[in-house]
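Hello,

Here is the structure I promised to pass on to you. Please have a look at it first, and then read my notes below.

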Amino acid sequence: MMTMKALWQKIARRRPHTAPVSAWRLLVAQYAAYVGLFVLAKPLFMLTQPGALWQGAGWSDMPEVLLHGLVQDLATAGYLTAPVWLLLLVHTWWPRPALLRVARPYVALTAVVMALTLVGDAALYPFWTIKLDATIWNYLDAPGGALSSVTPLYIIGVCVAFALTLAAVYAVAVLPWRHQPAAPQHRVRRTALWLVAGGVLFVAIRGGVGKGTANVGMVYYSANPFLNHAAVNPLFSLVSTTSKTDDYGKKARYFDHDTCRRYFDALGYDTRSLHTPQLLRTQRPHVLLILMEGCGGTFVHAVDPLSDPTITPRLNRLAAEGVVFTQCYANSFRTDRGTLSTLSGYPAFPDLSVMKNAALASTLPSIARTLRGAGYSTDFLYGGDLTFTNMRGYLVATGYERTTDEQDFPASVRRSHDWGVTDAITCDTLCQRLLARRTDKPWHTAFLTLASHEPWQVPYDRLAGNKVANSMAYLDDCIGRLTDRLRQSPLWANLLIVLLPDHGIGYPEGLTDLDPRRAHIPLILCGGAVREHRTVDVLCNQSDLAATLLGQLGLAHDDFRFSRDVLSATYRHPSAVHVWSEGLWHLDATGLSAVSTQQADAAPLREEPQPSEARRRAAKAYLQTAYDDLAARDAALHNRQAGAH
């Protein structure tokens, strides 16, 4: 019998049956094989799905599915090809046959993983109606629950499909390795070129050269969820969600369930729109919501008497004409979290971004979804990269029919600001679009600005001595010019403009998250649809905009559990919460209490004017309830994925 040593020596002496090929050719062939397989899998995925899931889509949609999904396919193929690139780089300096024979088992393993993923995704989608994700790991220990909803014949069919897919994937993926790389020459030059190739591969892996990195929602483009799901690469979805899995139900455990519920219920988040003053002339105005990047209250004299009135005179004028909320506070310190809090009326969290979790984000209520149900058309415009933090995926999943970002602008203006297209250009584009619209059908447009952000470089110099204040003055000027143009149009009479930032800012320098002034933000309602000027001094959060706005439109907002109609007679416990990476505070009529989220006992960080157990308890109950709600949404997704029995 041949010993293991003899067997290894025999393998080491083997020679390929075909002539050696260039390592470049081998690398490109491997990458192309992965990309080709992922692209081919998309029409096969659609072909295997029941017609009821297509929701009006057809094969004519396939080109867009392939086009939008390609960037994710390129990224996933890049991840799979990276070990091959590394192996061939090592081979340049250590050309040993045994080293290269590691490649074939690796590629064979990727073939198995790809086949399992592609077939599993197609087989489970009719039951889950979302892409394959980390939930699958919950059933490895006890697969009986998932298998109980399918017939033996279905299981046999899936096994046959897996065998055929594995054979096809293996044949294509391993095909390049029938050849052996040619002996390396000009090693230094080849190494330099190989590092350049690695850079190209890295760009593909991160999803391009934009500020946003590859994420599940980056391929979302349609109001039809099925088409978005068809575009998603299932292996990318599985790996990315696995890296983000968390047990939300174990976070912020301060009280037992009943005690926490009692404390949270006492905070009065269950408001209804009752006896609300009518701020608007009509219940179906056009709604333009402008999220002003970083424009905290310390720049707007209308809400902060300590601020310089010369920084944002246009906003101050709009506040004097419309309805201004003087005691509104941001839920969070980041754009992705503040945007979600505004549009979905949902809490922010200290250690996670719900927006980045495509499946969870899609379960949230939203202003856009509710307005669409009331007959509104919806769209979102941003001059930056909407793939950043999965923003496009969140927007499309929660009701925005059309999204526009930097890629939709001419290449000549995409870098007019470090973050994308500067505000003067996006405001002009927005204005042109709005003026071209019909006035007989209500619409909702949301617009996120970007220029009032580090590094504060703007084409404006009215306050050149202070870069931060000058960038806010530029934002103010852009909004003022936009509203002036709209004021002269027929749209104005039935137009409601909502102005508020995505988050506050540490200005003047030295303001920390422990200081409520950092989270203090302006909230202004203006436009021809507003009846008259009014100042609202009630304490509230930006997450309360959803219920308050829908209350004015006479629309139900029961599904916005954490959003309150602050104009309603049912709003009896005014308060605000702000969350950052290390803590949160609760602010009410008695004062402020900030607690740490880094310590199990939520140690107090700041209390004024006096310590208050009630305020600390309120902060902890709010955060625990928010995590509980997130855990419940996650569990509901898991239950749905387990199969509707």
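**Backbone notes, then side chains**

Gln 55 is exposed, with a relative accessible area of 53%. Do keep in mind as you read that this is a predicted model. Gln 55 sits in the loop between α2 and α3, and its phi is positive, about 50°, although the residue is not a glycine. His 275 also has a positive phi, about 55°, and is not a glycine either. You will find His 275 in the loop between α11 (257-265) and β1 (286-292), where it counts as exposed at 67% relative accessibility. As background, most residues other than glycine have a negative phi, and most peptide bonds are trans.

Tyr 507 and Pro 508 are joined by a cis peptide bond with omega of about 0°; Pro 508 belongs to the loop between β6 (495-501) and α19 (516-519). Glu 608 and Pro 609 are likewise joined by a cis peptide bond, again with omega of about 0°, and Pro 609 is in the loop between β13 (604-608) and α21.

**Around α2**

The loop that holds Gln 55 also holds Trp 59, between α2 (23-47) and α3 (62-93). Trp 59 is partly exposed at 44% relative accessibility. Together with Leu 40, Leu 44 and Leu 47, Trp 59 makes a nonpolar surface patch of about 430 Å².

Phe 45 is another residue to look at here, and it is buried, with a relative accessible area of 5%. The charged end of Lys 131 sits over the Phe 45 ring, 4.0 Å from its centre.

**Aromatic rings**

How many aromatic pairs are there? The count comes to 19. One of them is Phe 45 with Tyr 125, an edge-to-face pair with 5.2 Å from centre to centre and 75° between the planes. Phe 45 is in helix α2 and Tyr 125 in helix α5 (residues 103-128), so this pair ties together parts that are 80 residues apart in sequence. Tyr 125 is buried, at 3% relative accessibility.

Phe 388 and Trp 419 have ring centres 6.1 Å apart and planes at 65°, so this pair is edge-to-face as well. Phe 388 lies in the loop between β3 (377-382) and α16 (391-397), and Trp 419 in the loop between β4 (402-404) and α17 (423-435), so the pair ties together parts 31 residues apart in sequence.

Elsewhere, the charged end of Arg 617 sits over the ring of Tyr 263, 4.6 Å from its centre.

Helix α18 (residues 467-487) has 21 residues and spans 30 Å from its first C-alpha to its last, close to the 30 Å expected at 1.5 Å a residue. Is this helix enclosed or open? Of its 21 residues, 16 are buried, so α18 is largely enclosed by the rest of the structure.

The whole structure has 25 salt bridges. In one of them, Arg 314 pairs with Asp 484, with the closest N and O atoms 2.9 Å apart. This pair links distant parts of the chain, as Arg 314 is in helix α12 (residues 313-321) and Asp 484 in helix α18, 170 residues apart. Arg 314 is partly exposed at 23%, and Asp 484 is partly exposed at 26%. Both belong to a network of salt bridges that links Arg 314, Arg 317, Glu 321, Asp 484 and Arg 487.

Glu 406 and Arg 415 meet in a salt bridge too (3.6 Å, N to O). Buried or exposed, Glu 406 and Arg 415? Glu 406 is buried at 4% relative accessibility, whereas Arg 415 is exposed at 53%. In the salt bridge between Asp 513 and Arg 518, the closest N and O atoms are 3.6 Å apart; Asp 513 is buried at 15% and Arg 518 partly exposed at 26%.

Asp 628, in helix α21 (residues 613-641), is 376 residues from Ala 252 in sequence, yet their C-alpha atoms are 9.2 Å apart in space. Asp 628 is partly exposed, at 22% relative accessibility.

Best wishes

Note on methods
Residues are numbered from 1 along each chain as its sequence is written. This is a predicted model: local features need pLDDT of at least 70, side-chain atom pairs count only at pLDDT 80 or more; totals for chains, interfaces and linings use all residues. Side-chain values use heavy atoms; hydrogens and water are left out. Helices (H or I, at least four residues) and strands (E, at least two) are DSSP runs, numbered from the N terminus. The expected span of a helix is 1.5 Å times one less than its number of residues. Buried means under 20% relative accessible area, exposed over 50%, partly exposed in between (1.4 Å probe, protein chains only). Patches are made of residues with over 30% relative accessible area and no salt bridge: like charges are joined within 9 Å, nonpolar side chains (Val, Leu, Ile, Met, Phe, Trp, Tyr) within 5 Å. Accessible areas come from the Shrake-Rupley method with a 1.4 Å probe; for residues, only the protein chains shown count as cover. A salt bridge is a side-chain nitrogen of Lys or Arg within 4 Å of a carboxyl oxygen of Asp or Glu. Rings of Phe, Tyr and Trp (its six-membered ring) pair if their centres lie within 6.5 Å; planes under 30 degrees apart count as stacked, over 60 as edge-to-face and the rest as tilted. A charge sits over a ring if NZ of Lys or CZ of Arg is within 6 Å of the ring centre and within 35 degrees of the ring normal.
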